[in-house]
Amino acid sequence: MKSMFIFLIFFAVCSVRANAADCPDTSAYNKTKAVVQDLEHIVAPSGIQESYKTKIGGIDQWLNVRGQDKDAPIILFIHGGPASPLTPTIWQFQRPIEEYFTVVNWDQRGAGKTYNEADLDSISDSIHIPRYVDDAIEVAEYIKQRYHKKKIILMAHSWGTVIGLSAAIKRPDLFYAYVGIGQVINTRNNERISFDYGLKQAKAHGNSAAVKELETIMPYPGDQPITRERIIIARKWAQFYGGMSAYRDSSNYYFNAPLLSPEYTDRDICAIDQGNLFTLGRILPEFLNVDFKSIQSFPIPVIMFMGRHDYTTPSIPTAEWLDKVKAPYKQGVWFEHSAHMIPWEEPGKTLVSLLQYVRPLTIDHEEKK
């Protein structure tokens, strides 16, 4: 999957493919995909491995459910993007987590497999943040009932944190805890911090071409509209200097992961690009106005995983918000060798942190019942 460039908020915009005939042919990877599939196959008698679609928000949406023990606590993991599904990348990092949790990944409205199910004309007007929040709540209610759980854990990454934080506030009764990874607090603040970092790094590295390009959008974001074109320039250099994946100038391991995914066909891989482009223009104006700074209390335990080098959704605003907010329980966890892609960059610490700070919250709840 060829990315033309790493784009703005948390994702890549790739070449547009009009139909299945234009999608990549991954047959050359079939033997490798078979190895991944065999390794990923859950053979424990107590385990669960399902991929299916169900009605959410009036349309068919895809869920992927995996875990070594179906009685383990469930994590609903809300992906980033917009429209960048986690499902075709989970083979890279999720397997150890599945030993202690059942993990549900959901291809959101307009994303991945769900994109392929939709009549685009019929869902075009529904691409709004409140609809995604209601979808997330409906998914949580569905899996809670289907898998006979009192509550579940809500975890979100990147763009998904806008949905996740909102869903936790709206329906706290559904969740043991909320885990934010690359949390968005205020979009405009993030844009400013990301730009300043990219400009500082470009100057420090003597990259005159980058400095010149960044200066064309100064002051950023300033009082001018935050257009797609301005965001591309700002985010390109922040991510080039390790603001997406620490110590790396690219994140090809992530963008090319679907090529080896046993969960995604060529058509599904193609839908990642198509869904991203379909969603972006519709959701961007709302996303640019996201602001959670005024939230002073949070109804459930909140845990934030923060990459020390994250300049895609900078971590300092999250740490400041967490320090001030009142919650039944709160914990910030710094990942010193991560930027934005924490589960991929530090998978061991991700698992240990979930076991140390999150899983006990579900056990305590069950013991009190």
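Student: Which residues does G47 touch, not counting residues up to four places away in sequence?

Tutor: Contact means heavy atoms within 4.5 Å. This is a predicted model, in which local features need pLDDT of at least 70 and side-chain atom pairs count only at pLDDT 80 or more, while totals for chains, interfaces and linings use all residues. Residues are numbered from 1 along each chain as its sequence is written, and side-chain values use heavy atoms, with hydrogens and water left out. Leaving out residues up to four places away in sequence, G47 touches I42, G67, Q68 and D69.

Student: Is G47 buried, partly exposed or exposed?

Tutor: G47 is placed in the loop between α1 and β3 (48–56); helices (H or I, at least four residues) and strands (E, at least two) are DSSP runs, numbered from the N terminus. Buried means under 20% relative accessible area, exposed over 50%, and partly exposed in between (1.4 Å probe, protein chains only). Because its relative accessibility is 22%, G47 counts as partly exposed.

Student: Is I233 buried or exposed?

Tutor: I233 has its place in helix α8 (residues 228–243). Leaving aside neighbours within four places in sequence, I233 is in contact with E213, L214, T216 and I217. Its relative accessible area is 16%, so I233 is buried.

Student: How many disulfides are there, and which residues form the link?

Tutor: A disulfide is a pair of cysteine sulfur atoms within 2.5 Å. By this rule the count is one disulfide. The sulfur atoms are 2.2 Å apart in the pair formed by C23 and C270.

Student: How many residues apart are C23 and C270?

Tutor: C23 lies in the loop between β2 (11–14) and α1 (30–40), and C270 lies in helix α10 (residues 266–287). C23 is buried at 13% relative accessible area, and C270 is buried at 0%. The pair links distant parts of the chain, with a separation of 247 residues.

Student: Which residues have the most contacts inside the largest nonpolar core?

Tutor: In soluble globular proteins, nonpolar side chains tend to be buried together. A nonpolar core is a set of buried Ala, Val, Leu, Ile, Met, Phe, Trp, Tyr and Cys residues joined through side-chain atoms within 4.5 Å. The largest such core has 71 residues, and those with the most contacts inside it are L76, I143, Y178, F298 and W321.

Student: Which helix gives the largest share of this core?

Tutor: The core in question is the largest nonpolar core, with 71 residues. Its largest share is eight residues, and these come from helix α4 (residues 129–146).

Student: Are α4 and α10 roughly parallel or roughly perpendicular?

Tutor: Axes are lines fitted to C-alpha atoms, for helices over the stretch in contact, and angles run from 0 to 180 degrees between N-to-C directions. The axes of α4 and α10 come within 10 Å and cross at roughly 100°. Angles under 35 degrees count as roughly parallel, over 145 as roughly antiparallel, 65 to 115 as roughly perpendicular and the rest as oblique. Therefore α4 is, relative to α10, roughly perpendicular.

Student: Which residues make this contact?

Tutor: Both helices contribute to the contact. From α4 come I129, P130 and Y132, and from α10 come T279, I283, E286 and F287.
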